[in-house]
Amino acid sequence: MKKLNRVIIVLSRIVEVFMWVGAGLSVIITGLSAAGKFDLLKYFTDAGSGSPYLISGSFCLLGRNFLGEPIRGAYVIFFLSLVITLALMAMCARNVHLIFKTSEGLTSFSKGKTPFQPDNIRMVREIGIFLIAIPVVQLIMSVIARIALGPDMVESSVGMQNIFVGLVVLALSRYFAYGMQLENDVDGLL
C-alpha cells in the first residue's frame, strides 16, 4: 500500500507539472494565434500537418476553412479552452498529490495519519468540481465559437464522460465526510 501511495504521489506531481507547462504553452499559442502568427505555430504544435481539425481529447474544432487557411478565431478559442482545461486538470493532479501527502500526515495542515480530514474532503470535492467543469468549459467555448465564427465554420464536439466521473467523486467526498464523522465519534468514546 505504501509503495502504491508513493507511486501516486510522484505521478500526480509529474502530471501536475506537465499540465501547467501545457497550459503555459497554450497561453503562448493563443497569443500567437490572436496576432495571426501562424507560421510560428509550427514550433509549438502540429497545426501545419494538414489536418483541418484542432482536437484535444473530446473537444474538436474545425481550424481551417475550405481553402485550407487557418481560422484565427478558431485557434484562439481552441487554445484558450485548452488553457482552462489544462489548468483544471493540473488542479486535479495537485489535489490528488496533497490528499495522499495529507493522509500520511506529511503536510503542514495535516491532522494526523488518516484520510478522514476536512482538507482532504474539501480537495476530493474540488476534484469532482474540476472534472465537471472541464466539459462545461468546452461546451461554453463551443457555443462561443459557433456565435463568433458562424455555424458553417464550426464543427465541434464535447465529451461528457468527465461529468459522470466528477459526480462520482463528489459522492465519494460525502463518504469521506461521513468517515470523518465516524472517526471523530470513535475518538470521542476513547
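The model is a predicted one, in which local features need pLDDT of at least 70 and side-chain atom pairs count only at pLDDT 80 or more, while totals for chains, interfaces and linings use all residues. Residues are numbered from 1 along each chain as its sequence is written, and side-chain values use heavy atoms, leaving out hydrogens and water. The chain holds four helices and two strands, where helices (H or I, at least four residues) and strands (E, at least two) are DSSP runs numbered from the N terminus.

**Overall build**

- The chain is more spread out than a compact globule, because its radius of gyration is 21 Å, well over the 16 Å that the globule rule gives for 190 residues. That radius is taken over C-alpha atoms, and the globule rule is 2.2 Å times the number of residues to the power 0.38.
- The C-alpha trace spans about 75 × 30 × 25 Å along its principal axes.
- Of the contacts with a separation of 6 or more, 65% join residues 24 or more positions apart; a contact means heavy atoms within 4.5 Å.

**Surface and charge**

- Of the 190 residues, 38% are buried. Here buried means under 20% relative accessible area, exposed means over 50%, and partly exposed lies in between (1.4 Å probe, protein chains only).
- The accessible surface comes to about 10800 Å², and carbon and sulfur atoms supply 69% of this surface. Accessible areas come from the Shrake-Rupley method with a 1.4 Å probe, and for residues only the protein chains shown count as cover.
- There are 16 positive and 12 negative side chains, and the centres of these two sets are 6 Å apart. Lys and Arg count as positive and Asp and Glu as negative, with His and the chain ends not counted; each charge is placed at NZ of Lys, CZ of Arg, CG of Asp or CD of Glu.

**The helices**

- Helix H1 covers residues 2–34 and reaches 48 Å from its first C-alpha to its last, close to the 48 Å expected. The expected span is 1.5 Å times one less than the number of residues in the helix.
- Buried residues of H1 include Asn-5, Ile-9, Met-19, Gly-22 and Leu-32, and the buried residues of H1 pack against helix H2 (72–103).
- H2 has 32 residues that should span 46 Å, and its end C-alpha atoms are 47 Å apart, which agrees.
- H3 also agrees: its 32 residues should span 46 Å, and its end C-alpha atoms are 45 Å apart.
- A glycine with a positive phi comes just after H1, where Gly-36 has about 75°, and just after H2, where Gly-105 has about 75°. H3 is followed by Gly-150, with a positive phi near 95°.

- Ser-81 sits in helix H2 and counts as buried because its relative accessible area is 2%. Beyond its neighbours within four places in sequence, Ser-81 is in contact with Phe-59 and Met-141.
- Val-136 belongs to helix H3 (residues 118–149) and is partly exposed, at 36% relative accessibility. Ser-173 is 37 residues from Val-136 in sequence and 21 Å away in space, C-alpha to C-alpha.
- Arg-174 lies in helix H4 (residues 161–189) and is exposed, with a relative accessible area of 66%. Between Arg-174 and Arg-125 there are 8.4 Å in space, C-alpha to C-alpha, although they are 49 residues apart in sequence.
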